[in-house]
Amino acid sequence: MAAADHATGVNNEMSIELPTLPPNQGFEAFKDVVFGSAAGSAGKIIEYPFDTVKVRLQSQPDHLPLRYTGPLDCFRQSVHADGFKSLYRGISAPLTGAAVENSCLFWSYRLIQDILKSTYYSSDDTLPYSALLLSGAASGSITSLALTPIELIKCRIQVSLDSSGKSPAGPVAHAVAIFRQDGILGFWRGQFGTLIRETGGGAAWFGGYEGVSGLFRTYNQQKSAVGTADHNSASLPIHQQMIAGAAAGISYNFLFYPADTIKSRIQTEDIAAVNGQRLTFWNAGKTLWKQQGFRALYRGCGITCARSAPSSAFIFTVYEGLRNYFG
């Protein structure tokens, strides 16, 4: 009996107390999925032509001179070769990706905040900015696993210009080709680049939004001379939400753009074809650096930031609007 009591005591001492999450996690997760999917899909329709130009600029072959001199030249050549519809080629995959990405981002971002509150803070506490950055980075790393296969198919469709006049292969055909060539793990080609981009980008995206939103809330309170204890709970006007969202989009894309460039290069190497050798993340980065130096890693960054500002502004505004309307 004494031995049993002693064993029980040891087990009790060694037991790990798991964080207690709010009981309505299922319903909150459902709202994150639905609202995030709606906001992400709408934002993708706005930004997709710019994304196509970005990928085509990023995936140019190593030799000089380059096929496109810049975003406007890429846009002109693309429209001239296959009409404006070519800029929307393969949109079904990124529409799915935008729904998956944003629903996963918003869901995991809120879930990680709940875990931090239940573990290290009071549930009524406002998380410090460092915890919000950590939540954003963790949500991005989680999302990268779901995003890489979708972006792989999207990138290959976007650069598959067929001068023969035949209809380009669709998402299913590209998925079958990837599976036949590399098996199931082939869908995660470029995962390391996506992980770097999404982990750092998640912190920059949510951190940019939360940071600018906090500045606006402080400004609004000072202007109205109303000091509340928890200024983070105040609702922002739509124009301020959009400015915060635009800042988040630019931060996300600019800070970790080289990782996205290398990822796109790896994912399109079979189409942009060089020597038939598989590129690694570091080899692709070295090749780009030798080609045009630092400039090559930021090829297409201007048009990416230009389209990300309105897109992210729209995504955050739609998501926050749905959240506020449906509680």
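Two cavities of 30 Å³ or more are present in this structure, which is a predicted model. The largest cavity has a volume of about 410 Å³. Of the 31 residues that line this cavity, K44, E47, E101, Y252 and R307 are the closest to its centre. The lining comprises eight nonpolar, twelve polar and eleven charged residues. At least two lining residues come from each of the helices α2 (25–58), α4 (92–119), α5 (129–158), α7 (191–224), α8 (238–255) and α13 (301–325).

A pair of aromatic rings is described by the distance of the centres and the angle of the planes.

| Pair | Centre distance | Plane angle | Geometry |
|---|---|---|---|
| F106 and F316 | 5.8 Å | 85° | edge-to-face |
| W205 and F316 | 4.4 Å | 40° | tilted |

Both pairs link distant parts of the chain. F106 in helix α4 and F316 in helix α13 are 210 residues apart, whereas W205 in helix α7 and F316 in helix α13 are 111 residues apart. F106 has a relative accessible area of 4% and is therefore buried, the cut-off being under 20%. F316 is likewise buried, with a relative accessible area of 1%, and W205 is also buried. Ring pairs join F106, Y109, W205, F206, Y209, F316 and Y319 into a cluster.

G183 follows α6 and has a positive phi, near 75°.

Terms used: Residues are numbered from 1 along each chain as its sequence is written. This is a predicted model: local features need pLDDT of at least 70, side-chain atom pairs count only at pLDDT 80 or more; totals for chains, interfaces and linings use all residues. Side-chain values use heavy atoms; hydrogens and water are left out. On a 1 Å grid over the protein atoms alone, a cavity is a set of points where a 1.4 Å probe fits but cannot get out, and a pocket is an open set with protein on both sides within 12 Å along at least five of seven lines; lining residues have an atom within 4 Å of a point. Grid points are joined across faces, edges and corners, and a volume is the space filled by probe spheres set on the points. Helices (H or I, at least four residues) and strands (E, at least two) are DSSP runs, numbered from the N terminus. Ala, Val, Leu, Ile, Met, Phe, Trp, Tyr, Cys and Pro count as nonpolar, Asp, Glu, Lys and Arg as charged, and the others, Gly among them, as polar. Rings of Phe, Tyr and Trp (its six-membered ring) pair if their centres lie within 6.5 Å; planes under 30 degrees apart count as stacked, over 60 as edge-to-face and the rest as tilted. Buried means under 20% relative accessible area, exposed over 50%, partly exposed in between (1.4 Å probe, protein chains only).
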